Amino acid sequence: MSTTDKARAASDDNGHDDEQDRAFAWLRSLGPRGRRAFAGAFGGYGLDAYDFYALPLSMVAIAAYFHLSGGQTGLLVTVTMVASGVGGALAGVLADRVGRVRALLATVVTYALFTVACGAAPGYGTLLVFRALQGVGFGGEWAVGAVLVAEYTSAHHRGRTLAAVQSAWAVGWGLAVLVYTAVFGLLEPQTAWRVMFFTGALPALLVLYVRKNVSDAPEAERRRTRRSAAATFAAVFRHGLLRTTVFASLMATGVQGGYYTLATWVPAYLAGDRGLAVVTTGGFLAAQILGAFLGYLAGGYLTDLLGRKKTIAVFAAASAACVLGYTRVPEGADGLLLVLGFPLGFCMSAIFSGFGSFLAELYPTSVRGTGQGFTYNVGRGLGAAFPALVGALADSWGVGGALVFGAAAYALAALALLGLPETRGRELAEEDMSGREPT
């Protein structure tokens with residue numbers, strides 16, 4: 001090779017290295033402690049998704065086992081989401097009072113314990129109670145983990161970093177589908193759904209890692225110790241934050257109402273309305289999950305490039321369009337259904353990418369956990385009305401017809417953005433208890 005060729009090759013290699021450096025600059029910028037916090041939050045959210053999906057993937061078997069109507073089946077998810085709203089709001093206050101890591105551990109232990117308990121439920125009523133208690137832990141994990149990582153992250157990289165945490169949901173979802181395909185392929189449905197819940201004990205391994213390796217960001221811990229008394233629900237409704245809290249809650253209601261409508265009912269739609277077998281359903285969901293994973297990552301870059309509000313608005317419109325298209329594929333056109341699964345998963349997940357950074361930037365440090373936990377999880381609780389409505393109408397409209405309410409939820413999210421400020425590039429606000437919005 002000539003000297004010129006060697007120089008060109010070296011230049012190409014350096015260019016490739018530079019591209020890789022830029023692509024992972026957000027991860028390097030966290031530092032060693034921040035990367036461990038990222039790993040803990042990523043693992044917690046991934047296993048949160050795994051334990052959540054144990055129910056939607058098993059719903060057809062559970063409904064048959066307990067002889068449930070569509071409304072009773074949908075109530076299982078509604079109870080989970082309403083309880084998660086309560087649990088998430090409480091976890092946010094707990095994070096501001098006792099620290100992010102301690103609150104994270106409490107949420108992971110709670111959702112793991114009661115996911116396993118669901119597998120031992122002797123009747124429908126008991127399953128409802130256990131699922132509600134699972135929801136308490138499930139609701140708190142994301143808000144606490146997102147705040148923990150946000151406080152290690154610079155404004156420049158915050159959108160991408162928090163989107164990477166969000167991408168753990170697709171990883172947990174994919175793991176759940178793999179286990180579902182294996183368990184339901186090997187066992188009879190009346191046994192398989194219980195085994196599916198028993199595998200929800202996996203998060204116990206994460207607890208050991210977090211306890212040993214993860215700590216709160218030093219500055220956040222110092223301010224929390226000094227001002228922890230500020231963490232009350234009333235604090236996020238004071239004059240300067242009232243508008244933010246109301247509109248952020250409405251935005252979260254729309255986005256999560258749309259998402260959980262699809263997460264809950266698409267597996268039932270594929271198995272019931274479309275008549276797909278277990279293995280085939282798993283393959284169709286795989287396309288949706290791949291789209292979701294890439295959507296989280298792409299949405300993170302867009303939320304830093306375009307801004308939080310524009311990214312959420314774009315994907316709200318795109319998600320609504322995908323819902324309407326996916327549920328109107330003609331009978332026999334299952335190949336088209338498979339193709340449309342990718343953009344559906346991409347859009348309904350990319351809209352979440354800016355949530356962690358957006359909500360963190362709207363509140364000062366002393367009530368950041370409270371504000372993020374309250375708005376995100378009140379949205380989740382109120383959003384429970386959408387999958388419940390689909391369940392109530394599924395018997396008469398069919399699941400595919402009733403899923404139109406998922407599109408209506410995304411329209412609500414887009415309208416709520418009108419009442420919120422753009423926060424791209426905003427450093428996390430410190431203490432401001434004067435009644436003004438953080439700047």
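Helices (H or I, at least four residues) and strands (E, at least two) are DSSP runs, numbered from the N terminus. The exercises below use a predicted model, in which local features need pLDDT of at least 70, side-chain atom pairs count only at pLDDT 80 or more, and totals for chains, interfaces and linings use all residues. Residues are numbered from 1 along each chain as its sequence is written, and side-chain values use heavy atoms, with hydrogens and water left out.

**Exercise 1. Locate His67, state whether His67 is buried or exposed, and describe its phi angle.**

Step 1. His67 sits in the loop between H3 and helix H4 (70–98).

Step 2. Buried means under 20% relative accessible area, exposed over 50%, and partly exposed in between (1.4 Å probe, protein chains only). His67 counts as exposed because its relative accessibility is 69%.

Step 3. The phi of His67 is positive, about 55 degrees, although His67 is not a glycine. Most residues other than glycine have a negative phi.

**Exercise 2. Describe the secondary structure and burial of the protein chain.**

Step 1. The protein chain has 20 helices and zero strands.

Step 2. Of its 439 residues, 59% count as buried.

Step 3. Contact means heavy atoms within 4.5 Å. Among contacts between residues at least 6 apart in sequence, 85% join residues at least 24 apart.

Step 4. Accessible areas come from the Shrake-Rupley method with a 1.4 Å probe; for residues, only the protein chains shown count as cover. The accessible surface of the protein chain is about 16100 Å², and 67% of this surface belongs to carbon and sulfur atoms.

**Exercise 3. Decide where the model's confidence is lowest and where it is highest.**

Step 1. pLDDT is the predictor's confidence in each residue, from 0 to 100. The chain mean is 80, with 82% of residues at 70 or more.

Step 2. Confidence is lowest in helix H1 (residues 3–23), at a mean of 48, and highest in helix H9 (residues 189–198), at 94.

Step 3. Over residues 1–17 pLDDT stays under 50, and the model has one contact beyond four places in sequence for them. Residues 432–439 also stay under 50, but for these the model has 24 contacts beyond four places in sequence.

Step 4. Where pLDDT is low, the predicted coordinates should not be read in detail.

**Exercise 4. Find the residues that touch the most other members of the largest nonpolar core, then follow Trp169 to a cavity.**

Step 1. A nonpolar core is a set of buried Ala, Val, Leu, Ile, Met, Phe, Trp, Tyr and Cys residues joined through side-chain atoms within 4.5 Å. The largest one holds 120 residues, and Trp169, Tyr259 and Phe355 touch the most other members. Helix H3 (residues 31–66) supplies the largest share of this core, 17 residues.

Step 2. Not counting residues up to four places away in sequence, the contacts of Trp169 include Tyr45, Asp48, Phe138, Tyr259 and Tyr296.

Step 3. On a 1 Å grid over the protein atoms alone, a cavity is a set of points where a 1.4 Å probe fits but cannot get out; lining residues have an atom within 4 Å of a point. Grid points are joined across faces, edges and corners, and a volume is the space filled by probe spheres set on the points. The count comes to two cavities of 30 Å³ or more.

Step 4. The second largest cavity has a volume of about 40 Å³. Trp169 is among its lining residues, as are Tyr45, Gln166, Tyr259 and Tyr296.

How values were computed
1 Å grid on protein atoms, 1.4 Å probe; cavity = no way out; pocket = protein on both sides within 12 Å on 5 of 7 lines; lining within 4 Å.
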